[in-house]
Amino acid sequence: GGKNAVTLHHLLTHSDGLVRAGAQLDVATEKAFVADIKQTPIPYTPGSATRYTDIGYSVHGDVIERVSGESHEKFRRESVLTPAGMTETRFESETLPAGAVRAVEYSGPVGRQQPVAPRAYTWGRRGALGLVTTAGDLYRLLLASEGAFGADVRSRLFRPRSSSNYGTMHGYGWDVVGVHVGGLFGGDFGQHCVGQLLADFFAVGAAGAPIRLSFGAGAGAGGG
């Protein structure tokens, strides 16, 4: 029931319970970030509750790096952005192509979202947020998610899995409203853009078994 019971499914549905609300984490390095997560008290048994947080998706980015042996930025570009035709999308540390119109990040309840000021691209955001894009690339993502990546992937992405605290249901990397997706037009583009496919690569896997994370003493966030 502790942190060693957390799976990638929990991370992708905001039901991991890794940190309490308001916890201050060292985000300067991956090592410090994971160490602080290991040391913070767990607020609830993984899977027993839901609390929207970027921390789980940032841990997910760390898992990608450890499993793939690549930076999560490189992995996501090759596995999601390029296949979707999202040639104008960049990470926050990069510059958008000349003439590209930036899609602004928003946050808040559906129908009452407000713009979010740019923040440092560090762990805690890295893996969860940190992408900037254009309206055209957002549309390409929607087309790819609804067609190019296949019906099985699509059903996993958009299937409601846990309730949010702002009137939607969490899918894998998307917020589902009614019979369609609202997360695409929400705030956390870095998360909503890529979490869906990565869920299939790492959380489900060919055998259908979740990859468990190890947060025991002396252990990091690698798959076990």
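Let's start with R66: this residue is partly exposed, with a relative accessible area of 40%. The model we are exploring is a predicted one.

R66 forms a salt bridge with E30. R66 sits in helix α3 and E30 in helix α2 (residues 30–39), so the pair ties together parts that are 36 residues apart in sequence. E30 is partly exposed too, at 23% relative accessible area. R66 also pairs with D62, and these two, 4 residues apart in helix α3, are separated by about one helical turn. D62 is buried, with a relative accessible area of 2%.

In helix α4, K74 and E78 lie 4 residues apart, about one turn of the helix. Shared partners in salt bridges join E30, D62 and R66 into one network. Here are the three pairs side by side.

| Salt bridge | Closest N and O atoms |
|---|---|
| R66 and E30 | 2.5 Å |
| R66 and D62 | 3.3 Å |
| K74 and E78 | 2.8 Å |

How do helices α3 and α4 meet? Helix α3 (residues 55–68) and helix α4 (residues 72–81) pack at about 85 degrees, with axes 9 Å apart. That makes α3 roughly perpendicular to α4. On the α3 side the contact includes Y57, H60 and I64, while F75 and R76 are among the α4 residues. The contact residues divide into 3 nonpolar, 4 polar and 3 charged.

Finally, visit S164, in the loop between β5 (162–163) and β6 (169–170). S164 is buried, with a relative accessible area of 15%. The C-alpha atoms of S164 and T13 are separated by 9.0 Å, although the two are 151 residues apart along the chain.

Notes: Residues are numbered from 1 along each chain as its sequence is written. This is a predicted model: local features need pLDDT of at least 70, side-chain atom pairs count only at pLDDT 80 or more; totals for chains, interfaces and linings use all residues. Side-chain values use heavy atoms; hydrogens and water are left out. Axes are lines fitted to C-alpha atoms, for helices over the stretch in contact, and angles run from 0 to 180 degrees between N-to-C directions. Angles under 35 degrees count as roughly parallel, over 145 as roughly antiparallel, 65 to 115 as roughly perpendicular and the rest as oblique. Contact means heavy atoms within 4.5 Å. Ala, Val, Leu, Ile, Met, Phe, Trp, Tyr, Cys and Pro count as nonpolar, Asp, Glu, Lys and Arg as charged, and the others, Gly among them, as polar. Buried means under 20% relative accessible area, exposed over 50%, partly exposed in between (1.4 Å probe, protein chains only). A salt bridge is a side-chain nitrogen of Lys or Arg within 4 Å of a carboxyl oxygen of Asp or Glu.
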